[in-house]
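This briefing covers strand faces, core, sheet, pocket and backbone exceptions. The structure comes first.

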Amino acid sequence: MIIAKNSVVTLAFVLRDDQGVLLEESDPTISYLHGGYDGIFPLVEETLEGQEEGFACTVTMTPDMAFGEYDPTLRRTEPRSLFPSQVKVGMQFQGEGEGDQNWLFAVTEVTDETVTLDGNHPLVGKTLVFDCTVKGVRRASAEEVEHGHIHGEHGHHH
């Protein structure tokens, strides 16, 4: 089967930065709904369009194609009294970001008086190299298309 809109694609992948440092890899595979459902990087999806099982590729993505550039407006300092006593660097909290949408903030600094949080993705500003091999392609079910994500193994469970 050829990869096209509304197909489920199963990939084995390795994600590295442009210095070759391993950032993430599938264990053993991931699956996503192909066709603009935001299940994978748009440039990767574009590269896989029209391909089939066994296809392998390397896609290099500059920050604007991946997680964007650093946004200083997503960094904030709050009073320590708003946080649990055991707050420490690396912890994550959900809060409001731009446009009242929920955002995940990581604690980057803790003092006696304040906690500094950063809502930028950890890979923001990085050029990423995505190596993948297509391990399977199938037609998505009507329910998967309606919901905009895959179900079952590697997918969302209702």
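Buried means under 20% relative accessible area, exposed over 50% and partly exposed in between, with a 1.4 Å probe and protein chains only. Strands (E, at least two residues) and helices (H or I, at least four) are DSSP runs numbered from the N terminus. The model is predicted: local features need pLDDT of at least 70, side-chain atom pairs count only at pLDDT 80 or more, and totals for chains, interfaces and linings use all residues. Residues are numbered from 1 along each chain as its sequence is written, and side-chain values use heavy atoms, with hydrogens and water left out.

- β4 pairs with β9 in the antiparallel sense over six bridges; two strands pair if DSSP finds at least two bridges between them.
- Thr60 has Val129 in β9 as its bridge partner.

**Four-stranded sheet**

- An open sheet runs in the order β5-β8-β7-β6 with antiparallel pairing.
- Its edge strands, β5 (75-79) and β6 (92-96), each pair on one side only.
- β6 and β7 are antiparallel and share five bridges, and Glu96 stands opposite Asn102 in β7.

**Largest pocket**

- The largest pocket holds about 260 Å³ of space, a volume being the space filled by probe spheres set on grid points joined across faces, edges and corners.
- A pocket is an open set of points on a 1 Å grid over the protein atoms alone where a 1.4 Å probe fits, with protein on both sides within 12 Å along at least five of seven lines; lining residues have an atom within 4 Å of a point.
- Of its 16 lining residues, Leu104, Gly119, Asn120, His121 and Pro122 are the closest to the centre.
- Strand β7 (residues 102-110) supplies the largest share of the lining, four residues.

**Backbone exceptions**

- Asp27 and Pro28 are joined by a cis peptide bond with omega about -5°; Pro28 is in the loop between β2 (22-25) and β3 (30-33).
- Asn6, not a glycine, has a positive phi of about 70°, and Asn6 counts as partly exposed at 23% relative accessibility.
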